[in-house]
Amino acid sequence: MEYRNNVTEFILLGLSQKKGLEILCFLLFLLCYIAILTGNLLIMISITWSPLINQPMYFFLSYLSLSDLCYTSTVTPKLIVDSLSTKKSISYTGCMTQLFTMHFFGGIEVFILTGMAYDRYVAICKPLHYTVIMSRQKCDIIIAASCAGGFLHSFGQFLLAVFLPYCGPNEIDHYFCDVYPLLKLACTDTSKIGFLVIANSGLMGMVIFVVLLISYAVILCTVRSYSAENRRKALSTCSSHITVVVLFFAPLLFIYIRPATTLPEDKVFALFYTIIAPMLNPLIYTLRNTEMKNAIKKIMGPYHGKQRKLT
């Protein structure tokens, strides 16, 4: 523990050290963050203020948008500020806090996606028992379990990083604090800890990803016996879920399923699950969803009405 005090702050090298490219990154990620805030807040408000909140699928979607918002907010605002900063530093405490909160909200998102897959499985494979199985109490339990699972996952990652001795250097080749870049800076043998990280992040993510794919495969086999119209509706909903799952899990597994090493490509892949996925999720879930479009129109209706009166 005494070695840890030798490092009081870390330097984040970010995505690039070229000034012109950093200004471009600032503008790009600022627009992305505005889109994330707007899209996810709009989904949360549209669902909460409409009867859709009583349907489990949309109940989970509102919490998914909330977790997306919190998850990206642990990383993106600092990335935007650092794009224009000469010195991209973060304190030791701030680094550990960022690591914990990022994995906490990321873990919650993973488990909510699992809950959404379970909801679609029950709705399509056990339609007669759907209202009994997916009661509001069951939905609340799934959300609570997602939060508990996210906490256990992030607390595990936090413990692995916080007790490591850091005695220099203090440069993190990333745009946020994560376990693998921190393992490179630790002045001790981290091979065993690396395996624990794989177990806590990589294997956990892989198991959940495989379970999700199997559940959707079962769903796709079930809908073959449906009428053409019902099959179209079921596939439309499931295709949105599958797109979001692949967009989130594929880059995540690329980083965490391999041995504890860092690659230059990690920063690019991390953009997918920290910024791109939270930005695209609202579009993916609304573009082909008539109920969501109608809910958004009702929320935006008064605003457009006022605009028309003003003109």
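Reply: A definition comes first: axes are lines fitted to C-alpha atoms, for helices over the stretch in contact, and angles run from 0 to 180 degrees between N-to-C directions. Helices are DSSP runs (H or I, at least four residues), numbered from the N terminus. This is a predicted model, in which local features need pLDDT of at least 70 and side-chain atom pairs count only at pLDDT 80 or more, while totals for chains, interfaces and linings use all residues. Residues are numbered from 1 along each chain as its sequence is written, and side-chain values use heavy atoms, with hydrogens and water left out.

Me: What makes helix 8 roughly antiparallel to helix 9?

Reply: The axes of helix 8 (residues 191-223) and helix 9 (residues 228-256) come within 10 Å and cross at roughly 160°. Angles under 35 degrees count as roughly parallel, over 145 as roughly antiparallel, 65 to 115 as roughly perpendicular and the rest as oblique, and helix 8 is therefore roughly antiparallel to helix 9.

Me: Which residues make the contact of helix 8 with helix 9, and how do they divide by class?

Reply: Contact means heavy atoms within 4.5 Å, and the residues that meet this include I198, G205, F209 and Y216 of helix 8 and R231, C238, H241 and F249 of helix 9. Ala, Val, Leu, Ile, Met, Phe, Trp, Tyr, Cys and Pro count as nonpolar, Asp, Glu, Lys and Arg as charged, and the others, Gly among them, as polar; on that basis the contact of helix 8 with helix 9 has 18 nonpolar, four polar and one charged residues.

Me: How do you know how helix 1 is oriented relative to helix 2?

Reply: The axes of helix 1 (residues 19-48) and helix 2 (residues 56-73) approach within 9 Å and cross at roughly 155°, which means that helix 1 is roughly antiparallel to helix 2. Their contact has eleven nonpolar, five polar and one charged residues.

Me: Why are helix 6 and helix 8 described as roughly antiparallel?

Reply: The axes of helix 6 (residues 136-162) and helix 8 cross at roughly 160° and come within 10 Å, and the two helices are therefore roughly antiparallel to each other. Here the contact has five nonpolar, five polar and no charged residues.

Me: Where does the kink in helix 10 lie?

Reply: The bend at a residue is the angle between axes fitted to the seven residues ending there and the seven starting there, and in helix 10 a kink of about 45° lies at I276, shortly before the proline P278.
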